[in-house]
Amino acid sequence: MPPKISKVLLVSANRMTNPYPVFPLGLAYVQASLEKNGYSVKIWDQLLHSNEELKQDLNWADVIGISLRNIDNVSSSSPVGYLDEYATLLNQIRGDCKAPIVVGGSAFSIFPEEILEMLDLDWGIQGEAESAFVKLLDSWNQGTSTKDIPGLLYRNQTGKIVSNPPTLIPSSEIPSPRPDPELIRSYLQNG
C-alpha cells in the first residue's frame, strides 16, 4: 500500500448506452462519503472521458475504486457478457498504475467471489460501499485490520478469498452527493 492514501480515483466501467446512458449515482454517493472523510476524489467515466484522461488520473491516484454496473445485457435472444470488457479495462489500469484496486458496484455485488477470482483481484466491496470503502482506506492508513469491514472481500495470506457479510447503512449516515456539474450536464444531454 502507498504510505498514506489520500487521493482516490473512482472509475465508472459502464459502457452501456441502450436505452440511454445511466448516471453513475452509486459512485457519486461513494465520492460524497470519501470527501466527507477527508479524501480527495476524482471520477473517470468510461462513457465520457478519454484514455489519456485516465492515464493522467491514474498518475494522480493513490487507490483506484472501480464500479462494475452490469454483468451482461440481460438478453436471452442475443446475450452479451461484459466481464471481458472489464478485464481489458483492468489490464489497462494495471499497465499504467501500481495503486491498489478495489471493485464494487451492482454487478460485483451479484457474484462477488466469482468476479474477484475471474478478474484476479485482491479487494472488493459487496453491497453499499459508502461506509466500507472509507473504513478500508482508513484501516490501510492506520495499519489496522480489515477483517471486520462489512461487505469487504479480500484475499488472505494463503490467497483464499474471505467474504465479510454486507450490512445496510442507515440513510441518515449517507452524505448527499454533489456530483461534478460537467458530469451531470453530459448525462442530461445524452440521456
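**Salt bridges and buried positions**

Aspartate 122 and arginine 155 form a salt bridge in which the closest N and O atoms are 3.6 Å apart. Because aspartate 122 belongs to the loop between H5 and strand E5 (123–125) and arginine 155 to strand E6, the pair ties together parts that are 33 residues apart in sequence. Through shared partners, salt bridges join Glu117, Asp122 and Arg155 into one network. The structure described here is a predicted model.

A search of the whole structure finds four salt bridges. One of them joins the side chains of glutamate 85 and arginine 15 (3.6 Å, N to O). Glutamate 85 lies in helix H3 (residues 83–96) and arginine 15 in the loop between strand E1 (7–12) and helix H1 (25–36), so this pair connects parts that are 70 residues apart in sequence. Glutamate 85 is partly exposed, with a relative accessible area of 35%.

Alanine 107, in helix H4 (residues 106–110), has a relative accessible area of 1%. Its contacts beyond four places in sequence are Leu68, Arg69, Asn70, Ile71 and Ile115. Tyrosine 187, in helix H7 (residues 181–190), is buried at 7% relative accessible area; its contacts beyond four places in sequence include Pro21, Phe23 and Leu47.

Note on methods
Residues are numbered from 1 along each chain as its sequence is written. This is a predicted model: local features need pLDDT of at least 70, side-chain atom pairs count only at pLDDT 80 or more; totals for chains, interfaces and linings use all residues. Side-chain values use heavy atoms; hydrogens and water are left out. Helices (H or I, at least four residues) and strands (E, at least two) are DSSP runs, numbered from the N terminus. Buried means under 20% relative accessible area, exposed over 50%, partly exposed in between (1.4 Å probe, protein chains only). Contact means heavy atoms within 4.5 Å.
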